[in-house]
Amino acid sequence: MMRSIVLRAPGEPHTMTPAELPVPEPGQGEIRVRIKAASLNPADYKMAKNGHPAWTYPFVPGLDAAGVVDKTGEGVAQWREGDRVVYHGSFVRNGSFAEYGIVKANAAARIAEGLSFEEAAAFPCAGLTAYQALTRKMNLKQGASILIHAGAGGVGGYAIQLAKAFGAGQIITTASAANFDYVRTLGAHAAIDYNTEDVRERVLALTDGRGVDYALNSINRQTAQADLSLLAFGGQLACIAGAPETVADFQPSHKTFTVHKMMLSGAYLAGDERAETELGIMAEQFMALMTAGKIVPMIEKRISLEEVPDELTRLSQRHVRGKIVVVL
């Protein structure tokens, strides 16, 4: 049996409870991982609220984990028991808020030398989303300008660091005034208080009326829609929490742009083996930046497994900056 945090029905984080569950068995092409650390993400409480048709209860939430390969399934040749791995899992199967987890072997990545389990667990969902947006979707160019929403959060914080590492010429972010110093330490050149300032007006002022070359939106569909008006000609927008609804009818029509809809875990839902493998490849590339000192894991707090419901509630209230990591 294994310790875990479970949902017994769709609900808010406070409805999650501790439970003892059978240790899962890896199937064809899968590995079982003895989880040493996991991290909390907004997707955890967002998915919990409504559940998913593929879930059976009790269900274990959690997307990100780092640990040691405990058992390999049939057909797995690239991993052996004892290997240190990190992964971003599928949200339609039992997740990482437990002592053991199952993941497709091709989607896992070897933890880089010098990184702890906690440091590795902190990045997959947020870090790989930012990495995929900047390198695979928008292909951020050196010297370009970028607006990154919610710079004090997980995706935003990693995106700021990545933009700096890739040589962006102007990094603008939104944050509460209390987090201005924090986002600047990550690499932001300018911060906009979304509570008191008009984001579009400030962006245009900061870019001499041109707008930004790139925008990364992790807020909602409404702000993504508004971002279209602050893009420079030929600009690109990557959306995580909802894409603009009226792209086809956006005016002025002469302002060309590209919109990317992001869903990291969609690789599993699509059943696309190449996309699943890309998760592991991106994780290795991301960790190379970490070991080179260009990315810090932004761990704000370390907690026990039993503290997950309370800390997810705090995360849902947007009172958290950086990452919360579960140590098992």
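Which residues in helix 3 meet which residues in helix 9? Gly127, Leu128, Tyr131, Gln132 and Arg136 in helix 3 meet Glu278, Leu279, Ile281, Met282, Ala283, Gln285, Phe286 and Leu289 in helix 9, where contact means heavy atoms within 4.5 Å. This is a predicted model, in which local features need pLDDT of at least 70 and side-chain atom pairs count only at pLDDT 80 or more, while totals for chains, interfaces and linings use all residues. Residues are numbered from 1 along each chain as its sequence is written, and side-chain values use heavy atoms, with hydrogens and water left out.

The residues of this contact between helix 3 and helix 9 divide into eight nonpolar, three polar and two charged; here Ala, Val, Leu, Ile, Met, Phe, Trp, Tyr, Cys and Pro count as nonpolar, Asp, Glu, Lys and Arg as charged, and the others, Gly among them, as polar. Helix 3 (residues 124-137) and helix 9 (residues 273-291) pack at an angle of about 95°, and their axes are 10 Å apart. Axes are lines fitted to C-alpha atoms, for helices over the stretch in contact, and angles run from 0 to 180 degrees between N-to-C directions. Helix 3 and helix 9 are therefore roughly perpendicular to each other, a term that covers angles of 65 to 115 degrees. Helices (H or I, at least four residues) and strands (E, at least two) are DSSP runs, numbered from the N terminus.

From the helices we turn to the sheet. Six strands form an open sheet in the order 10-9-8-11-12-13, with parallel pairing, and two strands pair if DSSP finds at least two bridges between them. The edge strands are strand 10 (190-193) and strand 13 (257-261), each of which pairs on one side only, and the twist averages 15° from one strand to the next. Helix 6 (residues 199-206) packs on this sheet, where it touches strand 8, strand 9 (170-175), strand 10 and strand 11, and its direction makes about 160° with that of strand 10.

The pairings can be followed strand by strand. Strand 8 (residues 145-148) pairs with strand 11 (residues 212-217) in the parallel sense over three bridges, and Ile146 has Tyr214 in strand 11 as its bridge partner. Strand 8 also pairs with strand 9 in the parallel sense, over four bridges, with Ser145 standing opposite Gln170 in strand 9. Between these two strands the chain crosses through helix 4 (residues 154-165), and this β-α-β crossover from strand 8 to strand 9 is right-handed; that is, with the strands pointing away from the viewer, the path from the first strand over the helix to the second runs clockwise. Strand 9 in turn runs parallel to strand 10, joined by four bridges, and Thr173 has Ala191 in strand 10 as its bridge partner. Strand 9, helix 5 (residues 180-186) and strand 10 likewise make a right-handed β-α-β unit. Strand 9 is mostly covered, since five of its six residues are buried, where buried means under 20% relative accessible area (1.4 Å probe, protein chains only).

Ala243 is buried, with a relative accessible area of 13%. Ala243 and His260 are 17 residues apart in sequence, and their C-alpha atoms are 7.9 Å apart in space.

Key
Angles under 35 degrees count as roughly parallel, over 145 as roughly antiparallel, 65 to 115 as roughly perpendicular and the rest as oblique. Buried means under 20% relative accessible area, exposed over 50%, partly exposed in between (1.4 Å probe, protein chains only).
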